[in-house]
Amino acid sequence: MTVEVDQSGRIEDLSTGTAIAFSNGIHDAIFVNAGTKRKLIVKLRRTSFIPAKDLPAIIFSVVLFILITDYSIDVLKIDEEYTGKNEIIEETIKKLFLRSRKKRIPYVRFVRIGKQSPAHKLAWEVHRLKGRLRHAKRVSEKKILKYVE
């Protein structure tokens, strides 16, 4: 199965939450509130194992992994939002799948996801409602840190 992935409210924008969604026949979304993102950034900047310039891309990858881990996805078409960070995102997702011993690691492609995409519409809706949609998952700082560390 191939799915499109989009986000609304960038990870590095600490004044608002972030919604990441995928869609193509099936759909799901996850929300990280602004407070959680601030705590994460503060904690991870104190460590020296992740360069500060790569933090948003790595956090995005971890949250995306948490979102898709329960699904059997062959291809991830991720919206090009982190110019120059595609390799970091792809590598992080692959490492997380290998560490979790999932049999199927999705092929990652970076494409332009337009405003008409169901993934874009779902991410925007979850972001606008601050994760209060019935099926939108919320993720905690602890869960994200579990995968980063």
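Predicted model: local features only at pLDDT ≥ 70, side-chain atom pairs only at ≥ 80, totals over all residues.
**Sheet**

Six strands form an open sheet with mixed pairing. Their order is β5-β4-β1-β2-β3-β6. The edges are β5 (107-111) and β6 (137-138), and each of these strands pairs on one side only. Strands of a sheet pair through backbone hydrogen bonds, either parallel or antiparallel. For β1 (residues 2-8) and β2 (residues 18-24) the sense is antiparallel, with five bridges between them. Opposite S8 stands A19 of β2.

**Helix across the sheet**

Helix α2 spans residues 55-68. It lies across β1, β2, β3 (26-32), β4 (75-79) and β6. Relative to β2, helix α2 runs at about 45 degrees.

**Cores**

The largest nonpolar core holds 38 residues. Within this core, F60, L64, L76, I78 and I144 have the most contacts. Helix α2 supplies the largest share of the core, twelve residues. A second core is separate and has nine residues, among them A19, A123, L133 and A136.

Beyond neighbours within four places in sequence, I78 contacts V5, F60, L64, I89, I93, V108, R109, F110, V111 and I113. F60 and L64 are, like I78, among the residues with the most contacts inside the largest core.

**Helix pair**

Two packed helices are described by the angle between their axes and the distance between the axes. Helices α1 and α5 give such a case. Their axes come within 10 Å and cross at roughly 35 degrees. The crossing is right-handed.

| Helix | Span | Residues in the α1–α5 contact |
|---|---|---|
| α1 | residues 34-46 | T36, K39, L40, K43 and L44 |
| α5 | residues 141-148 | E141, I144, L145 and V148 |

By class, this contact has five nonpolar, one polar and three charged residues. I144 of α5 takes part in the contact, and I144 is also one of the residues with the most contacts inside the largest core.

**A buried loop residue**

Where is D54 found? D54 sits in the loop between α1 and α2. Is D54 buried or exposed? D54 counts as buried, because its relative accessibility is 8% and the cut-off for buried is under 20%. Leaving out residues up to four places away in sequence, D54 touches K85 and I88.

How values were computed: Residues numbered from 1 in each chain as written. Heavy atoms only, no water. Pairing = 2+ DSSP bridges. Helix = DSSP H or I, 4+ residues; strand = E, 2+ residues; numbered from the N terminus. Contact = heavy atoms within 4.5 Å. Axes fitted to C-alpha atoms, helices over the stretch in contact; angles between N-to-C directions. Core = buried A, V, L, I, M, F, W, Y, C linked by side-chain atoms within 4.5 Å. Buried < 20%, exposed > 50% of the residue type's maximum accessible area, 1.4 Å probe, protein only. Left-handed = near helix turned anticlockwise from the far one by under 90°. Nonpolar A, V, L, I, M, F, W, Y, C, P; charged D, E, K, R; others polar.
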